[in-house]
Amino acid sequence: MPTSVIANATVVTGLAASDVIHDGAVAINGDVISAVGPSAEVVAANPGAELVDGRGRAVFPGLINCHAHLINVLSRGITEDFGFPPDLPFPVSIYSLVSDEEKIALATLGAVEAIRGGTTTLLEMAAGLDLYASSVADTGLRLILAENTDDGVIGPAYRPGQPPTGFSEEQRSTKLGRANDLFSKWHGARDGRITCFASAQLVETSSPGLLAEVRSLAERYGTGYTIHLAQSRLEVETVLAMRGVRPSNYLAENDFLGPGLLAAHVRYVDEGEIAVLGRSRTHITHQPAMAALRAVHPPIPALRDAGCVVGLGTDNNTQDMFEVMRSALRTERVATGSATSPQPEDVVEWATMGSARALRMEDQIGSLEPGKKADLFMINMRRAHLVPTMRIVSSYIHNGQTGDVESVMVDGNWVMRDGGVVGLNEVDLIDEVDRIGRRAWSRMVAMHPDVSFPLNLSPG
Ligand SMILES: [Zn+2]
């Protein structure tokens, strides 16, 4: 017997064939969807199920974020406005000024933000993930944990794109050891809700030996692996100088491309690289909102046409996948000069089934259909900025707000219900992270009075 039926709702299935079911229902049995269809039919077929009132609500497949760095919420309102790599000349990273406990709070806040926007699955790419994996898993999100590795030797003021000073076998084995430990501990944890990916953080800090080991770690567990690729002009220049070829070609030479790879960004690639990436069927995660802030639109239509699978992600500072979908639509229309493509339905597809394919999880998540995991979110359509809602996907993408999300379910469990995130004190967490951010940035500025900080910070 199904545990619950969301009835009398507008159901956006995420499947092109059935598209939107007006007065529809979704039945949930344990952690999976058992039926999707007209409300009267689904309710009649499931007597005794708990009925969730979906009147005035639209149900969407949960959004899937393929590229996040949760603790980077610390840099909100700072690094968005200084390019990439950010042009803030501090001799140390801001992340060296927060404690382990504070990092856990930052990551947990990022997870709460993700849930509030309708995200149900998130790939977190970072070093030292074991520190906060448990707290983030406790929020109920479906997670893919990608522990960063590298063997390029870098200093405390390193910025992505710069060349390392050398390569260290000892560093390689330490970091791969950490990634191995994370797989042993977390891959398949929490009833399969948490899985892992292997990760080489940056092309410029990855030797051929490291790339081979990252790929083999993923193969051993049958998972994908990820890397930042062609994310800045500086990275392209550095790799050309170090390896004599452009970043994608360096990865191709080392047998790193292919459908197992989820390459993040892929902004600065030439035609030859697009062809190589497409032929290898490499998966790509596109972060349109962050790319736009950095004044670039990656050649996503060309990569898609060449054969790449493309999903969407947020990247630094924010976990707002709604903003990502709207940015994907607007930036691609500007880039291609078409006012009719993509359509709102396309960007919802990219953030759901597209991202599911990019993560190689399309048989489990990405659409509302029987047999898939019960990962979904509900929005309130009775809002001044949304009505009339005859074409809800369009209303939502063009005019919606993250705050329209009322309830979010992951793996059959409500992780947000009627506007409240379940199982934690959100107000206290927000206060705590505000304090952490103020203290860390004020300390940074005080420690380095010689660095002219271009922002007027409010008192710490
Ligand atoms: Zn990133």
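Trainee: What makes the packing of α2 against α3 oblique?

Mentor: Helix α2 (residues 100–116) and helix α3 (residues 130–138) pack at an angle of about 40 degrees, with 9 Å between their axes. Angles under 35 degrees count as roughly parallel, over 145 as roughly antiparallel, 65 to 115 as roughly perpendicular and the rest as oblique. That makes α2 oblique to α3. This is a predicted model, in which local features need pLDDT of at least 70 and side-chain atom pairs count only at pLDDT 80 or more, while totals for chains, interfaces and linings use all residues. Residues are numbered from 1 along each chain as its sequence is written.

Trainee: Which residues of α2 and α3 meet?

Mentor: On α2 they are Asp100, Lys103, Ile104, Ala107, Thr108 and Ala111; on α3 they are Leu131, Tyr132, Ser135 and Val136. Contact here means that C-beta atoms, placed from the backbone, lie within 7 Å. By class, the contact residues are 6 nonpolar, 2 polar and 2 charged. Ala, Val, Leu, Ile, Met, Phe, Trp, Tyr, Cys and Pro count as nonpolar, Asp, Glu, Lys and Arg as charged, and the others, Gly among them, as polar.

Trainee: Why are α12 and α13 described as roughly perpendicular?

Mentor: Helix α12 (residues 344–358) and helix α13 (residues 392–399) pack at about 80 degrees, with axes 8 Å apart. The two helices are therefore roughly perpendicular to each other. Pro344, Glu345, Val347 and Val348 of α12 make the contact with Val393, Ser394, Ile397 and His398 of α13. These residues divide into 5 nonpolar, 2 polar and 1 charged.

Trainee: How is the chain divided into domains?

Mentor: The domain assignment gives domain 1 (4–61 + 369–421) and domain 2 (63–358). Such bounds come from an automatic or database assignment. The domain centres, taken over C-alpha atoms, are 30 Å apart. Domain 1 gives 19 residues to the contact and domain 2 gives 24.

Trainee: Which element gives the largest share of the side of domain 1 that touches domain 2?

Mentor: That is α13, with 4 residues. This side has 11 nonpolar, 6 polar and 2 charged residues.

Trainee: What makes the chain as compact as a globular protein of its length?

Mentor: The chain has 14 helices and 19 strands. Its radius of gyration is 22 Å, close to the 23 Å that the globule rule gives for 460 residues, so the chain is as compact as a globular protein of that length. The radius is taken over C-alpha atoms, and the rule is 2.2 Å times the number of residues to the power 0.38.

Conventions: Axes fitted to C-alpha atoms, helices over the stretch in contact; angles between N-to-C directions. Contact = placed C-beta atoms within 7 Å.
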